[in-house]
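Please keep the sequence and the 3D view open beside the text.

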Amino acid sequence: MEGGIIRYFKYYFGVGMMSALFLLSACDQVQEHTAPAINDKDSVAMMTTYGLNTLISDSGVIKYRIIAERWDVNTVRQPSYWEFIKGVFFEQFDEKFHVEAYVQADSAWYYDQLKLWKLRGRVRIRNANGLVYRSEELYWDGSSHELYSNVFSRVITPERALEGTYFRSNENMSRYIVSNSKGSFQSEDITGENKQADHSAPVDTAKVDVPKRQAATKHAANHQNTLSKP
């Protein structure tokens, strides 16, 4: 009887040891699943702000108000940029803090090293003279204080309406060019018979061969990849 108990104990003890060794061996073979390391091109924003409403000064003078639902700042990628993926709204002020213009877009990027804004989506501008600008893409060069676009744009004033595939303007849109254009004009715009016309009024042109600003062309060529939507 005692011998049977010993054999029984040895049998189950051996089975138990084999099971334990099998489990330990299985645990040793488990591989840990890890994600690849994050590199620069996959980096996230260094700072994110929600509910932005701030004033921006230029040379000590308040020039703009920026309102945005979300503001992301990325200083890792080059060129570094600010991103307003959920849209942006600007107010532009004159020296007496009067509103000169409104600017809005569905999304925007500001490349701080280039002082260049890229507006995309439903880009809309209205200035104090009643001019309305509409496009799907617009660049705002803070160095040259110019606006330009190489896509379809529409300019509407109380006197005329223009459409074209190239647009260039000074910052307050008091003088602008629309090339490859079509639209409605007053007769004196074409014949030049209105001798008392205000020479400070905006100049429109429908010429196809309007020379493009070199800086604008350079931005479009040199930053075609870096200024694309991240």
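## Ground rules

This is a predicted model, in which local features need pLDDT of at least 70 and side-chain atom pairs count only at pLDDT 80 or more, while totals for chains, interfaces and linings use all residues. Residues are numbered from 1 along each chain as its sequence is written, and side-chain values use heavy atoms, with hydrogens and water left out.

## The chain as a whole

The protein chain contains 3 helices and 14 strands. Helices here are DSSP runs of H or I with at least four residues, strands are runs of E with at least two, and both are numbered from the N terminus.

Out of 230 residues, 34% count as buried. Buried stands for under 20% relative accessible area, exposed for over 50%, and partly exposed for anything in between, with a 1.4 Å probe and protein chains only.

For contacts between residues at least 6 apart in sequence, 41% join residues at least 24 apart. A contact means heavy atoms within 4.5 Å.

## The surface

Accessible areas come from the Shrake-Rupley method with a 1.4 Å probe; for residues, only the protein chains shown count as cover.

Which residues make a nonpolar surface patch of about 240 Å²? They are L55, I62 and F97. Patches are built from residues with over 30% relative accessible area and no salt bridge; like charges are joined within 9 Å, and nonpolar side chains (Val, Leu, Ile, Met, Phe, Trp, Tyr) within 5 Å. I62 sits in strand β2, residues 61-74, and is partly exposed at a relative accessible area of 33%.

## Inner spaces

Cavities and pockets are both found on a 1 Å grid over the protein atoms alone: a cavity is a set of points where a 1.4 Å probe fits but cannot get out, a pocket is an open set with protein on both sides within 12 Å along at least five of seven lines, and lining residues have an atom within 4 Å of a point. Grid points are joined across faces, edges and corners, and a volume is the space filled by probe spheres set on the points.

The whole structure has 1 cavity of 30 Å³ or more. The largest cavity holds about 70 Å³ of space. Its lining consists of Q92, A101, V103, I125, N127, W140, L147, E171, N172 and M173. Two elements, β5 (99-105) and β7 (116-127), each give two or more residues to this lining.

The second largest pocket has about 320 Å³ of space. Of its 15 lining residues, D58, Y64, Y110, W117 and G142 lie nearest the centre. Strands β1 (47-58), β2 and β8 each supply at least two lining residues, and β1 has the largest share, with 3 residues.

## Salt bridges

The structure has 5 salt bridges, each a side-chain nitrogen of Lys or Arg within 4 Å of a carboxyl oxygen of Asp or Glu. Among them are these:

| Pair | N to O distance | Relative accessible area |
|---|---|---|
| R70 and D72 | 2.9 Å | R70 25%, D72 6% |
| E137 and R120 | 3.2 Å | E137 15%, R120 26% |
| R154 and E163 | 2.2 Å | R154 27%, E163 19% |

The side chains of E137 and R120 meet in a salt bridge. This pair links distant parts of the chain, with E137 in strand β8 and R120 in strand β7, 17 residues apart.

## Two residues to look up

E136 lies in strand β8, residues 132-141. Is E136 buried or partly exposed? E136 is partly exposed, at 49% relative accessible area. Apart from neighbours within four places in sequence, E136 is in contact with L119, R120, G121, R122, V123, V151 and F152. The C-alpha atoms of E136 and A105 are 8.6 Å apart, although 31 residues separate them along the chain.

N129 belongs to the loop between β7 and β8 and counts as exposed at 61% relative accessibility. From C-alpha to C-alpha, N129 and M173 are 9.3 Å apart in space, and they are 44 residues apart in sequence. M173 is also one of the residues lining the largest cavity.
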